[in-house]
Amino acid sequence: TGLIFDPYAPGEVVAHQVFSLLLEPTRAARLMVQRDFDGGQPGLLDMLVRTTNKVWLEKEPSNAYAAELQRMTQQVWTDMLLNAASSTRYAPAVRARISLHLRDIHAWLSNNTSDTEEETQAHRLAALDDIDRFLFRLYQPQEEHRSIETPPGSPIGSGPAWSLRVAERYAWMASWNEATTLCTFDSGWE
């Protein structure tokens, strides 16, 4: 016999796809900036809170399969938040807001682990431990921090396209000068 089909895998794949779109680094930064410019617009923290409320605070289903799907979705969301908060692909301000939000989830989990059945209790304690390991990790100075590169183009920078255009222009001028030399009057011609 072969491997059996994992009935939770499709749900995990969908959860990962949806959450990766919500937490895409440039989108997260755009949400943060959008809120900074217009306080009436939803911001990054608003999106994080609304998503976490749907993922973590919904009533636990009575159906065992649905309850496990919910736990799996909670784990995917938490893992993605932990990865985003520690990834240099995200702007420092985005990582700071995600870390703040992880602290909120940590506080909620600290107060809501014992009032549920054993499987959910084990799941919540494992998620709490994961967040603990992130929040209370040792600083690693060898971490590479994200830096912003100067964009190419005038007047900000020169970039490879500018260098290529300059080289092509000099090559053209050099070939033009040779042709001009051949067309000038040369007293040695007879």
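**Entry 1**

I began with Glu68, which forms a salt bridge with Arg71; the closest N and O atoms are 2.8 Å apart. The model I am reading is a predicted one. Both Glu68 and Arg71 belong to helix H4, where they stand three residues apart, about one turn of the helix. I then looked up the exposure of Glu68 and found a relative accessible area of 28%, so I recorded Glu68 as partly exposed. For Arg71 I noted 4% relative accessibility, which counts as buried.

I next checked Arg71 against Glu60. These two also form a salt bridge, with 3.7 Å between the closest N and O atoms. Which parts of the chain does this pair tie together? Arg71 lies in helix H4, whereas Glu60 sits in the loop between helix H3 (44-56) and H4, so the bridge joins parts that are 11 residues apart in sequence. Glu60 has 22% relative accessibility and therefore counts as partly exposed, because the cut-off for buried is under 20%.

Side chains of opposite charge can pair when their charged atoms come close. A search of the whole structure gave me eight salt bridges.

**Entry 1. Arg124 and Asp115**

I looked up one further pair. The side chains of Arg124 and Asp115 meet in a salt bridge, at 3.9 Å from N to O. Asp115 has a relative accessible area of 55% and is exposed.

**Entry 2. The cavity**

Rolling a probe the size of a water molecule over the atoms shows where empty space is left. Searching the whole structure, I found one cavity of 30 Å³ or more. The volume of the largest cavity is about 30 Å³. Which residues line the largest cavity? I listed Glu60, Gln70, Arg71, Gln74, Thr120 and Arg124. Among them are Glu60 and Arg71, which I had already recorded as salt-bridge partners, and Arg124, which I had recorded with Asp115. Helix H4 (64-86) and helix H6 (118-135) each supply at least two residues of this lining. H4 gives the most, with three residues.

**Entry 3. The surface**

A nonpolar surface patch of about 380 Å² is made by Tyr170, Trp172 and Met173. I located Tyr170 in helix H7 (residues 159-183). With a relative accessible area of 57%, Tyr170 is exposed.

**Entry 4. The whole fold**

Last, I recorded the overall composition. I counted seven helices and zero strands in the protein, and the pattern along the sequence reads α-α-α-α-α-α-α. Among contacts in the protein with a separation of 6 or more, 60% are accounted for by residues 24 or more positions apart.

Technical notes
Residues numbered from 1 in each chain as written. Predicted model: local features only at pLDDT ≥ 70, side-chain atom pairs only at ≥ 80, totals over all residues. Heavy atoms only, no water. Helix = DSSP H or I, 4+ residues; strand = E, 2+ residues; numbered from the N terminus. Contact = heavy atoms within 4.5 Å. Patch = residues over 30% accessible without salt bridge, like charges linked within 9 Å, V, L, I, M, F, W, Y side chains within 5 Å. Areas by Shrake-Rupley, 256 points an atom, 1.4 Å probe, with all protein chains shown as cover. Salt bridge = Lys/Arg side-chain N within 4 Å of Asp/Glu carboxyl O. Buried < 20%, exposed > 50% of the residue type's maximum accessible area, 1.4 Å probe, protein only. 1 Å grid on protein atoms, 1.4 Å probe; cavity = no way out; pocket = protein on both sides within 12 Å on 5 of 7 lines; lining within 4 Å. Points joined across faces, edges and corners; volume = space filled by probe spheres on them.
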